[in-house]
Amino acid sequence: MSETTLRAWLLTETPQSRRQAAWGRSYRGWLLFRRNKLAMVGLVTSIILVLASLVAPLITPYDPSAQNLADRLAPPTLAHWFGTDELGRDLYTRVIYGGRITLGMVVAVVVLVAPAGLLVGSMAGYLGGFVDRAMMRVTDVFLAFPRLILALAFVAALKPGITSAVFAIALTSWPAYARLARADTLTIRHTDYIAAMRLTGAWSGRIILRHVIPLCLSSVIVRVTLDMSGIILTAAGLGFLGMGAQPPTPEWGTMIAATRGYILQQWWVPTIPGVAILIASLAFNLLGDGMRDVLDPKQR
Amino acid sequence: MLVEIDNLRISFATPSGVEHAVRGVSLELGQEKLGIVGESGSGKSLTARAILRLLPSAAQVSADRLRFDGIDILAAPENVLRGIRGRRAGLILQDPKYSLNPVMTVGRQIAEAWRVHKGGSRRVAAQAAVDLLEQVRIRGPARVAGLYPHELSGGMGQRVMIAMMLAPDPELLIADEPTSALDATVQAEILRLIDDLVSRRGMGLILISHDLPLVSHFCDRVMVMYAGHVLERLAAGELSRAQHPYTRGLLECLPSLVHPRVRLATLARDPAWLVG
Amino acid sequence: MTLLPARLRRISGTIASVPITLFGLILVTFLIGRVMPIDPVIAIVGDHAPPDVIARVRTELGLDRPLIVQFGIYLVRLLHGNLGSSVMTTHPVTQDIATYFPATFELATAAIILSIVLGIPLGVIAAARQGSRFDHVVRVVSLAGQSIPVFVLGLIFLLIFYVKLGIAPGTGQIDVGYDGLVDRITGMLVIDSAIEGQWDVFWDALAHLAMPAIILAYFSLAYITRMTRAFMLDALSGEYIVTARAKGLSGARILWRHAFGNIAVPLVTVIALAYAGLLEGAVLTETVFSWPGLGLYLTVSLLNADMNAVLGATLVVGFVYVVLNLMADIAYRVLDPRVR
């Protein structure tokens with residue numbers, strides 16, 4: 001199909017099939033999103049970050065742990081684009097690999113948290129009664145801690161490291177998703193079409209999986225994207241406090257902690273990873289904001 | 001001549017093109033009561049609000065003439081307009097649930113309208129507010145003055161709105177569907193109240209509604225609008241002699257107890273009405 | 001229950017859920033404490049202690065009893081205000097917390113005051129001028145505020161203002177020269193020195209407070225500005241604003257008296273939540289600026305694997321957080337006339 005007929009197919013007012021309607025909606029959403037310049041900046045930056053992390057070995061000239069003590073704390077030059085750190089390792093390489101770690105942690109957390117939160121929240125919202133109340137108490141307890149502090153306590157109990165950090169962040173993040181899914185579920189729980197489905201004999205599990213959860217998806221997706229920046233910051237915070245990734249792993253927060261003493265003379269060594277954190281976090285924030293404007297416009 | 005409008009045009013820019021809400025409306029109003037009738041989207045509210053330039057910022061307004069008591073509304077600076085709004089012309093909105101400030105007592109809202117235009121101490125204004133509540137026939141006005149809008153019924157809320165807008169003693173009152181959110185039993189009372197107050201104070205009135213018989217009952221003249229145009233102008237007593245098919249259609253689709261019909265009439269729209 | 005006035009009933013419902021949450025909090029902290037791989041006995045007696053010493057210490061600590069019993073003991077001790085002793089400072093944890101908490105309180109309060117004083121007007125004006133350049137700048141700065149890690153900002157500020165420009169004093173709460181000159185009344189140096197009239201100490205303390213407070217404020221500022229703007233936009237689209245304009249009121253009066261008046265109550269909730277969120281930021285800020293508060297205590301205890309201290313501090317922070325959330329909730333119900 002040529003471009004104009006594809007566009008016409010997507011934007012038609014009378015779609016012929018469910019799939020066409022779904023595609024049309026997505027396309028319209030995309031058009032709306034595209035108009036938001038800041039959101040586009042966020043999208044492009046996020047994509048660049050993800051790609052850079054994926055092909056890290058291809059775009060970095062050095063090994064992230066290759067030390068060269070003769071050339072430590074060098075300023076940015078052509079040989080080392082960002083300079084070198086306190087053990088002579090190429091900063092640019094370490095920043096790119098750090099991106100890999102950070103994004104990996106974010107993905108790990110999201111993969112753990114979103115499905116679990118969705119499932120628990122929608123079940124609680126749909127089934128109501130004791131299940132609902134019990135679940136609410138549990139989420140209350142987890143929401144009662146500031147995220148970083150609870151994560152710190154968890155990581156301290158387990159061994160400090162990336163796995164514990166991921167686990168700890170996941171444990172402190174899931175309640176928000178459960179709450180969100182529950183709220184969405186409550187709004188549709190009493191609708192007629194859910195009642196109709198119960199009348200035809202569909203059992204609760206099927207209703208929840210095929211009908212309730214898809215409706216919760218859009219707010220969860222928005223929340224995930226917005227949360228990603230928070231997860232990046234928390235992971236970096238844990239690394240900075242020595243509780244996340246451990247040296248010599250090139251996690252951005254850990255790198256800053258190790259080199260913060262050099263802020264006076266070789267200021268770029270701790271600052272550049274900091275800028276990396278800012279860019280990553282900002283990109284996901286912009287992306288999330290843009291997605292929220294498209295998917296959930298009342299919530300600006 | 002209180003209001004002179006000539007060829008008023010209001011449009012909005014929307015993602016799918018320019019939307020012309022009002023297309024060349026003209027009217028003149030002296031110390032009389034004019035009813036503007038039309039369905040939703042006919043542009044009647046916008047026309048009336050344009051007189052006070054209370055349109056949303058996205059609206060594009062143009063007119064050959066848009067004057068209030070000789071003052072050019074389109075060219076006037078903001079402080080001149082603020083002198084007209086409230087003091088010389090008031091606006092009553094449809095639903096007091098939304099049009100009254102929910103976190104201020106009604107007494108204070110009325111007192112504010114009084115004080116901003118007449119000055120005086122807070123106590124004087126508060127007393128004036130109670131007097132006004134009495135004028136709009138609210139029982140126990142002193143008690144009601146201390147209530148919040150959500151504690152009032154629809155009818156009482158509209159009376160408060162009326163009191164608030166009449167506080168500065170304006171010359172013109174614009175009532176934008178003042179009874180559409182009220183029960184049928186209360187509607188007539190509120191309109192009678194408005195009618196009474198306007199007549200006694202010698203004010204001009206623009207009454208906007210979608211209810212043709214109601215409007216013709218309380219007004220001297222009626223203007224029928226559709227899709228941004230004025231289709232017909234009549235004296236209130238001459239409604240039965242309406243010419244335009246739209247007006248006739250509106251009149252005919254009202255069910256009647258006196259002349260019952262087997263099938264209710266419906267209004268067939270003619271695209272020709274959209275032009276001119 | 002129906003005899004109580006409606007407002008009290010609603011609040012009591014909220015208050016009633018707090019003990020359950022607190023209980024859950026205590027349970028979670030307890031479980032974290034028991035999950036740790038470091039054997040607490042070894043931590044006290046060392047690797048090379050003979051087995052009978054180990055067994056004796058284990059019985060002393062009650063670690064040989066079933067978990068439920070241990071939790072019961074923990075709970076009872078907690079209700080008596082006993083959080084155990086810090087391995088690091090050798091003081092009771094409760095005493096340590098009492099020592100370090102005021103500094104965090106001072107920092108957080110200074111930060112929230114800054115945020116409110118700047119954030120609310122910024123949000124209101126940005127909403128009033130929606131779409132303008134000012135609005136865009138406010139939005140971007142506010143967004144950046146939520147994306148930058150607090151420790152990075154802190155380090156950069158130290159670099160610029162302390163190292164390069166020499167305006168700001170260094171880290172810590174006070175210059176070494178002034179240490180110990182002021183008696184400890186509230187634990188907050190700025191207030192204590194003012195009470196005692198030691199004005200040179202006062203100015204030094206204030207100068208030291210400025211930078212960490214500004215850094216910490218940046219985050220709650222971003223949040224408060226954003227929420228104020230969002231609330232204001234919502235309020236300004238209400239019909240009662242049209243009424244206010246029709247009354248001939250001035251723009252400023254409509255903006256502040258009417259629109260802002262409507263969002264004042266939800267804004268109190270936002271501020272309470274922002275204050276609670278500052279507890280989190282305080283941990284990192286105190287680490288960067290060596291500010292002797294609870295956050296620093298927590299991180300140092302973490303590095304020393306001092307579990308009593310870590311859990312005690314976590315519990316206290318969690319408790320404060322719950323109380324703040326509760327106050328936010330109550331404030332909303334009490335102040336909003338619509339809920340009456």
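1. In this predicted model, chain B is built with ten helices and eleven strands. Its radius of gyration is 19 Å, close to the 19 Å that the globule rule gives for 276 residues, so chain B is as compact as a globular protein of that length. Along its principal axes, the C-alpha trace of chain B spans about 60 × 50 × 40 Å.

2. If one takes the contacts in chain B between residues at least 6 apart in sequence, 66% of them join residues that are at least 24 apart.

3. In soluble globular proteins, nonpolar side chains tend to be buried together. Here the largest nonpolar core has 162 residues, and those touching the most other members are Leu152(A), Leu238(A), Ile277(A), Ile32(C), Phe151(C) and Met232(C). Helix H11 of chain C, which covers residues 251-289, gives this core its largest share, namely 18 residues.

4. Which residues does Met232(C) touch, not counting residues up to four places away in sequence? They are Val124(C), Ala127(C), Leu255(C), Ala259(C), Phe260(C) and Ile263(C). Apart from the core that includes Met232(C), there lies another core, of 97 residues, among them Ala48(B), Val160(B), Ala175(B) and Val242(C).

Key. Residues numbered from 1 in each chain as written. Chains lettered and ligands numbered in written order. Predicted model: local features only at pLDDT ≥ 70, side-chain atom pairs only at ≥ 80, totals over all residues. Heavy atoms only, no water. Helix = DSSP H or I, 4+ residues; strand = E, 2+ residues; numbered from the N terminus. Rg over C-alpha atoms; globule rule 2.2 N^0.38 Å. Contact = heavy atoms within 4.5 Å. Core = buried A, V, L, I, M, F, W, Y, C linked by side-chain atoms within 4.5 Å. Buried < 20%, exposed > 50% of the residue type's maximum accessible area, 1.4 Å probe, protein only.
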